[in-house]
Amino acid sequence: MRLPDNETDVWTERWDINRTVLRAEEDQGGPEAVVVPVIFGAIFLLGVVGNTLVMFVIGKNKSGKRSRSTTNIFILNLSIADLSFLLLCVPFHATIYSLPEWIFGAFICTFGHYFVMVSMLVSIFTLVAMSVDRYIAVVHSKRYPCIRSQRNAMIGVCLIWGLSFIFAIPVAQHQILTNHPNAPNSTFCWEEWSGASKQTYKVTIFVFGYLLPLVLIICCYSKVLFHLHKKLKNMSKRSESSKRKTAQTVLLVVTAFLICWMPYHIITMWVEFGTFPLTDASFVFRIASHCLSYGNSCINPLLYAFLSENFRKACRQVFNCHCLYPSPPVEKVVRIRMDTFSTTHSSTNI
């Protein structure tokens, strides 16, 4: 998920409105009027299908306690946040690059941008909670077994949504419908701030919505990998493939988080504390940052569910289908349990 297109500075308003007016005068749109909605549409379809499937499989899974594990609770919460964003926000914001003005009214303008912020923060805070949960499950499984309970996970989910609703309040307070001297007959959905409050808010979101979560995620998964390295070093060489697969999955998680959100925050900080160039290249960079942050909503199901052996097994049980996920051969198996990052490898044919 991403922050709204209008959550930049005055330069964004001038740049977008000037492009809109020029496009209206020429009675034709630029390539972004076609390319961007197509990309958003693809992300929308993939994200809706992926997140819906994750929610369906977790809801239908009959594996007892595993279906109500803390990991599945956080994965379910992540899918709910991503799916809500895709359904309630993407269809409206995808039109910003294809329509000459905002046509959905004041309520959608305010609520849409407010909920974009809410769902973005819920998604990011949930990723942090999942990394902490993985750290406790792998590194301190015997010392703090009571922490990873269903009750505590539900409390964590409620705190995540509560904090997200509170953090997003300034967006609802400053998102308004307005017009522009260059387009007096058109309506636009922009932010309107006064004083230094905007910079303070942007820095707060950058620190608590990106920088600190990134540091926590990296720290937790680094501890997990270090612990697994010590645990597996005395095992057979066949365990090396399992360890490498776990390391690759962890690397994918951190890399996806870093890549999806870094461009947006680079633009935000550059606009607030520097001089962002008003060029076609910067406009393309801005569009790319939005596409990446949108794409995070369809990447999450892939990373946190479909790469999990337990999820693939649950999917086979729910759909009773072996065509998508072939069953592993019946043989002695050495299993390294990490819930979300669980892998198996055969100990036969040594």
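Biologist: Arg 148: buried, exposed or partly exposed?
Modeller: Arg 148 counts as partly exposed, at 25% relative accessibility. Buried means under 20% relative accessible area, exposed over 50%, and partly exposed in between, using a 1.4 Å probe and protein chains only.

Biologist: What kind of model is this?
Modeller: It is a predicted model, where local features need pLDDT of at least 70 and side-chain atom pairs count only at pLDDT 80 or more, while totals for chains, interfaces and linings use all residues. Residues are numbered from 1 along each chain as its sequence is written, and side-chain values use heavy atoms, with hydrogens and water left out.

Biologist: Which residue forms a salt bridge with Arg 148?
Modeller: Asp 133 does, with the closest N and O atoms 2.8 Å apart. A salt bridge is a side-chain nitrogen of Lys or Arg within 4 Å of a carboxyl oxygen of Asp or Glu.

Biologist: Where do Asp 133 and Arg 148 lie?
Modeller: Asp 133 lies in helix α5 (residues 105–139), and Arg 148 is in the loop between α5 and α6 (150–167), so the pair ties together parts 15 residues apart in sequence. Helices are DSSP runs of H or I with at least four residues, strands are runs of E with at least two, and both are numbered from the N terminus.

Biologist: Asp 133: buried or exposed?
Modeller: Asp 133 is buried, at 6% relative accessible area. Asp 133 also forms a salt bridge with Arg 134, with the closest N and O atoms 2.9 Å apart. Arg 134 is buried too. Asp 133, Arg 134 and Arg 148 are linked in a network of salt bridges.

Biologist: How many salt bridges does a search of the whole structure find?
Modeller: The search finds 4. One of them joins Glu 272 and Lys 198, with the closest N and O atoms 3.8 Å apart. That pair links distant parts of the chain: Glu 272 in helix α9 (residues 239–273) and Lys 198 in helix α8 (residues 197–232), 74 residues apart.

Biologist: New topic. Why is α3 largely enclosed by the rest of the structure?
Modeller: Because 15 of its 19 residues are buried.

Biologist: Which residues of α2 meet α3?
Modeller: They include Ile 43, Phe 44 and Val 48 in α2, which has contacts with residues in α3 including Ile 75, Leu 76 and Leu 83. Contact means heavy atoms within 4.5 Å.

Biologist: At what angle do the axes of α2 and α3 cross?
Modeller: The axes cross at roughly 145° and come within 9 Å. Axes are lines fitted to C-alpha atoms, for helices over the stretch in contact, and angles run from 0 to 180 degrees between N-to-C directions.
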